[in-house]
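Subject: Structure for you to look at, with notes

Dear colleague,

I am handing over a structure that will be new to you, and I would be glad if you could look through it beside the notes in this email.

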Amino acid sequence: MVKRNRNISVKFGLQAPTPPRGRRRRRNLRRTEPDLDQLAVRESDKIKRYFQDYKKHYKFDTPIANGQHGVAVVVTRFARKDPPSPEISFVVKRAYDESGDAIEILENEIQWLKRLRGAPHVIQIVELEPDPFKDFNRPTLVTEYVENGTLTELIERASFRRRPVPNRILWAFYSCLVRTCIAMAWPDRGAAGELQANEQFPTDWKERPQRQLIHGDLHPDNIVIGELSPLADEHLVAPILKVVDWGLARVVPDLHNVGLGVTVNIFDISRIMRMLITLDTTFELEPKRVPLQPTKPDEPPRYCMTASPNLAKPNYLHLDDDLRDLVIQCTSTNRDDRPNLEALCNIISLNMGTKTETYYRQAPYSRWERERAVQNYVQQMIFYGSDDEAQHSDDDDGGNDDEDIIL
């Protein structure tokens, strides 16, 4: 690997900026260009032609994803003086004509994203003015562009470099994912163009039934990584996560009033946490009965039949035991053993508040939880994380000393 010039490394923290977005965005666009099949090339060219009449306003960038049902491309809207607005990039998603139920899936995604407007951890619809698609009878989805790749890319990169995700980042990511569960439980709370500060329980949540909405296709490829934010505690430590690809979202029947959809969501986000911890994207593991740590000195042994058996000790000695047990319990094969949404939010919030650099100071892996190490991890593995980029620096607080890493 070519050595990266250290001068482009931008230190960041409470008082400092994230790395420069424009240069990083262009690099990330280059690294996400997919191999397109004939259908994708044709649909991408169509989208490009739609914007030809609006060259004063938009610039077609590149396709970033294609699949069985459609293609997604990135387009840039130029900065404006009247009304004043900065340059932004957005994603245009279109379904193929010949792909069966693709249009129905895209219409379903548009419907649910409209109902999840304002939820910061859900990808947001962008309204275009002028709109090249306003007179078309086929659906077109336009959303914000989130530039730092997917969790799958982070997991693969971290595994390749033998750099497990620090606990403090894991707690922050768990907080992002559980807020998506809150958004699904109580949709229809936002307006176009208005973001909530963070997804919260509604004030009347005890009287308002939870909607049993599930994503239907939740895996690391469908979670993208955004930016740091000084306005939310978890996004001071780690960038925001946003869930994309809602085409298979649906409300599941809850005939026995047990919160079936919510418990499915808790399982799904916790399975993703297991993948982030282990740096292994294997979707299904054979459930096994594993021990949990005692909560009191004289407590008899506790066990859990879990779909995350590989988290049990002595594996992953760098892992916070509280996080280990929480993921094990949230992926229990028995729904009744999983905490409910309120309890899970409270547990994560408590740990987010207490699991600081100071808390981890006595842990054998303490150097990986220091402020500088966590900041370096975000910078080197996410913001400047492309595998064809230069090798990361080997600072004392953030280098990759393999002898300290247990995978």
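This is a predicted model: local features need pLDDT of at least 70, side-chain atom pairs count only at pLDDT 80 or more; totals for chains, interfaces and linings use all residues.

Residues are numbered from 1 along each chain as its sequence is written, and side-chain values use heavy atoms, with hydrogens and water left out.

The protein has 10 helices and 12 strands, where helices (H or I, at least four residues) and strands (E, at least two) are DSSP runs numbered from the N terminus. Of its 407 residues, 53% count as buried; buried means under 20% relative accessible area, exposed over 50%, and partly exposed in between, with a 1.4 Å probe and protein chains only. Among contacts (heavy atoms within 4.5 Å) between residues at least 6 apart in sequence, 70% join residues at least 24 apart.

The largest nonpolar core holds 83 residues, of which Tyr-174 and Leu-341 touch the most other members. Helix H5 (residues 167-185) gives the most to this core, with 14 residues. By nonpolar core I mean a set of buried Ala, Val, Leu, Ile, Met, Phe, Trp, Tyr and Cys residues joined through side-chain atoms within 4.5 Å. If neighbours within four places in sequence are left aside, the contacts of Leu-341 include Val-178, Cys-181, Ile-182, Phe-201 and Ile-266. A second, separate core of 16 residues includes Ala-40, Tyr-58, Phe-90 and Val-126.

Strand E2 (residues 70-77) is mostly covered, with 8 of its 8 residues buried. Gly-70, Ala-72, Val-74 and Thr-76 point one way from E2, whereas Val-71, Val-73, Val-75 and Arg-77 point the other way. Strand E1 (residues 58-66) runs antiparallel to E2 and is joined to it by 7 bridges, and the two form a hairpin with 3 residues between them; two strands pair if DSSP finds at least two bridges between them. Tyr-58 has Arg-77 as its bridge partner in E2. E2 also pairs with strand E5 (residues 88-95) in the antiparallel sense, over 8 bridges, and there the bridge partner of Thr-76 is Ser-89.

Helix H10 (residues 371-383) is largely enclosed by the rest of the structure, because 10 of its 13 residues are buried. Its end C-alpha atoms are 17 Å apart, which agrees with the 18 Å that its 13 residues should span at 1.5 Å a residue; the expected span is 1.5 Å times one less than the number of residues.

The structure holds 0 disulfides, a disulfide being a pair of cysteine sulfur atoms within 2.5 Å. The sulfur of Cys-181 is 7.7 Å from the closest cysteine sulfur, in Cys-345, which is too far for a bond.

Some details of the backbone are also worth a look. Most residues other than glycine have a negative phi, and most peptide bonds are trans. A cis peptide bond joins Asp-82 and Pro-83, with omega about -5°, and another cis peptide bond joins Glu-129 and Pro-130, with omega about 0°. Asp-245 has a positive phi, near 60°, and is partly exposed, with a relative accessible area of 31%. Leu-279 also has a positive phi near 60°, but counts as buried at 9% relative accessibility.

With best wishes
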